[in-house]
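Reader: Could you take me through this structure? I am new to it and would like to see it first.

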Amino acid sequence: MSFHDLIINRRSIRKYTSEPVSPEDVRMILEAALLAPSSKSGRAWQLVAVEDKETLERLSQCRPSGAGPVKNCALAIVVTVDSTISGAWMEDASIAASYMQLQAADLGLGSCWIQVHGRFAEDGTPSDQYVQELLGIPENCCVLCMVTLGHPDETRRPQDIEKLKWENVHVGRF
């Protein structure tokens, strides 16, 4: 599959089978994140791979809605960046998460970005603080998101390139 076909066909998957992700695939997905570009080549990512079902269930409670796919995925990778190394931590984490999603799609796996930064648990606790405390993540590591991964248990249609918003593209000036 060409890269262009990959980005047309990659869709967020929120329903997964119970089949685990193979160790080889997990390694390739993590490697994709570690190969992502970063500000000043700081490579300040810290990734926490979680497969334990009880922990996944608890992670899914980091926010009242939108984190449901975490409890039923085979693997969630929490994407954090050491903010003492990278001032562009949000961008670094975003690129690493995106690379993981593209690698997962190339392997035939589903994924979904679960936003953590700027969200809140049901009791009002910031979601990033909730995840940090649950997983023992140091305070200097800012949690941006989780990427859920697994074998898809749903089918999504490819993106419709006829609906691209070319009017949002400006050349030379806005």
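Author: Helices (H or I, at least four residues) and strands (E, at least two) are DSSP runs, numbered from the N terminus. This is a predicted model, in which local features need pLDDT of at least 70, side-chain atom pairs count only at pLDDT 80 or more, and totals for chains, interfaces and linings use all residues. Residues are numbered from 1 along each chain as its sequence is written, and side-chain values use heavy atoms, with hydrogens and water left out.

Reader: Where does K40 lie?

Author: K40 lies in the loop between helix 2 and strand 1. S41 is also placed in the loop between helix 2 and strand 1.

Reader: Is K40 buried or exposed?

Author: K40 is exposed, with a relative accessible area of 84%. Buried means under 20% relative accessible area, exposed over 50%, and partly exposed in between (1.4 Å probe, protein chains only). S41 counts as exposed too, at 54%.

Reader: What is the phi of K40?

Author: The phi of K40 is near 55°, a positive value in a residue other than glycine. S41, which is not a glycine, has a positive phi of about 50°. Most residues other than glycine have a negative phi.

Reader: Changing topic, which residues does S60 touch?

Author: Leaving aside residues up to four places away in sequence, S60 touches A67, V70 and K71; contact means heavy atoms within 4.5 Å. S60 sits in the loop between helix 3 (53–59) and helix 4 (69–72), and S60 is buried at 10%.

Reader: And how many residues has helix 5?

Author: Helix 5 (residues 89–106) has 18 residues. Its buried residues include W89, D92 and M100. Just after helix 5, G108 takes a positive phi of about 85°.

Definitions and conventions:
The expected span of a helix is 1.5 Å times one less than its number of residues.
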